[in-house]
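Student: Could you take me through one part of this model in detail? I would like a close look at the surroundings of the ligand and at the charged side chains there.

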Amino acid sequence: MQYVTLNNGISMPQLGFGVWKIDNEKTASIVDKAFKVGYRSIDTASAYGNEQGVGEAIAQSGLPREELFITTKVWNGDQGYNQTLAAFNKSMEALKLDYIDLYLIHWPTPKYDNYVDTYKALETLYHEGRVKSIGVSNFNQEHLERIFAECDIKPVVNQVECHPYFQQAELKSFCNQHDIYIESYSPLDRGNVVLKDTVITELANKHNKTPAQIILRWHLQENCIVIPKSETPSRIEENFSVFDFELSASDMKQITGINRNERRGSEPSENNAR
Ligand code: NDP
């Protein structure tokens, strides 16, 4: 496992495990499998409805709490200072934890204009030690700039959609300048076409790895944190086996060349779902 050091000095595994769309009933056994494979970082959200299953897996794992890195997120409808503090308590209860490693604002939902107040609640939780790091998700540059102007603590990560068909070069460079890690979500293009791209499949043949392993390695070498999801035991193992090879500069360049600027999810300024 490789770790990165966040801008507040905390270490975070560079490869984690995403649990979006995993049914709560199945979550404990799938996360248990991920722990057995070696994952230590789990990415959930109150909106995924499976914090309780993640909590069950943590409780049963017998792993020391300090070895784990647990991320959850405040949902759009819970934004606002007091609402966020209440939502945080509910997440802690569901996860059965007494602190959370990383708490994120799920989406900025600019139409409601309360992500700054929401972020101030995250700062309070950070000062109280109930959350070890705070960050954002789906924030464009303009949303980050408002946080810089109106809040005190810099986010440690910006979790955004990122994969070889949607590479986010500009946002990566902006976050890099500000010492904020990009955390790539939907890193495998949600299991879609990028896994069949000929550049990716040829690199897979060259390195004797699978297309998913090539893409995950690309994220790591792009200096991003990455959180693939799978509920298939063999893929949970496959996605973790990415630390024993390296892409060359020319391999990396070839992958840069296949960007299509093709987003699968919503444009953050336009997603005001609650
Ligand atoms: P991913 O890019 O991780 O793709 C997951 C899909 O790819 C699943 O259908 C999975 O199938 C399949 N898959 C996984 N591994 C392989 C493999 N080795 N070969 C072929 N197919 C594979 O998409 P997600 O959208 O789930 O993103 C990952 C995580 O990012 C989420 O779980 C969530 O934690 C986070 N996220 C955050 C968002 C946000 O707004 N902040 C939005 C979206 C995601 P199967 O499970 O059947 O094996």
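Tutor: What follows goes from the ligand to the salt bridges. The model is a predicted one, and all the values below are computed from it. Of the 29 residues around the ligand, those that come nearest are Asp43, Leu188, Lys229, Ser230 and Thr232. Turning to individual atoms, a backbone N or O atom of Arg190 lies 3.0 Å from an oxygen atom of the ligand, while a backbone N or O atom of Asp189 is 3.5 Å from an oxygen atom of the ligand. Tyr48 contributes a polar side-chain atom, which lies 3.5 Å from a nitrogen atom of the ligand. On its own the ligand has 910 Å² of accessible area, and the protein covers 88% of it.

Asp189 also takes part in a salt bridge with Arg264, in which the closest N and O atoms are 2.4 Å apart. This pair links distant parts of the chain, with Asp189 in the loop between β9 (181-185) and α7 (198-207) and Arg264 in the segment after α10 (249-256), 75 residues apart. Asp189 has a relative accessible area of 0% and is therefore buried, whereas Arg264, at 27%, is partly exposed.

Lys229, one of the residues that come nearest to the ligand, meets Glu231 in a salt bridge between their side chains (3.1 Å, N to O). Lys229 counts as partly exposed because its relative accessibility is 36%, and Glu231 is partly exposed with a relative accessible area of 27%. Asp189 and Arg264 belong, together with Arg260 and Glu262, to one network joined by salt bridges that share partners.

Definitions and conventions. Residues are numbered from 1 along each chain as its sequence is written. This is a predicted model: local features need pLDDT of at least 70, side-chain atom pairs count only at pLDDT 80 or more; totals for chains, interfaces and linings use all residues. Side-chain values use heavy atoms; hydrogens and water are left out. A residue is near a molecule or strand if one of its heavy atoms lies within 4 Å of it. A polar contact is a pair of N or O atoms within 3.5 Å; within protein, one must be able to donate a hydrogen and the other to accept it, and residues adjacent in sequence count only if both atoms are side-chain atoms. Accessible areas come from the Shrake-Rupley method with a 1.4 Å probe; for residues, only the protein chains shown count as cover. A salt bridge is a side-chain nitrogen of Lys or Arg within 4 Å of a carboxyl oxygen of Asp or Glu. Helices (H or I, at least four residues) and strands (E, at least two) are DSSP runs, numbered from the N terminus. Buried means under 20% relative accessible area, exposed over 50%, partly exposed in between (1.4 Å probe, protein chains only).
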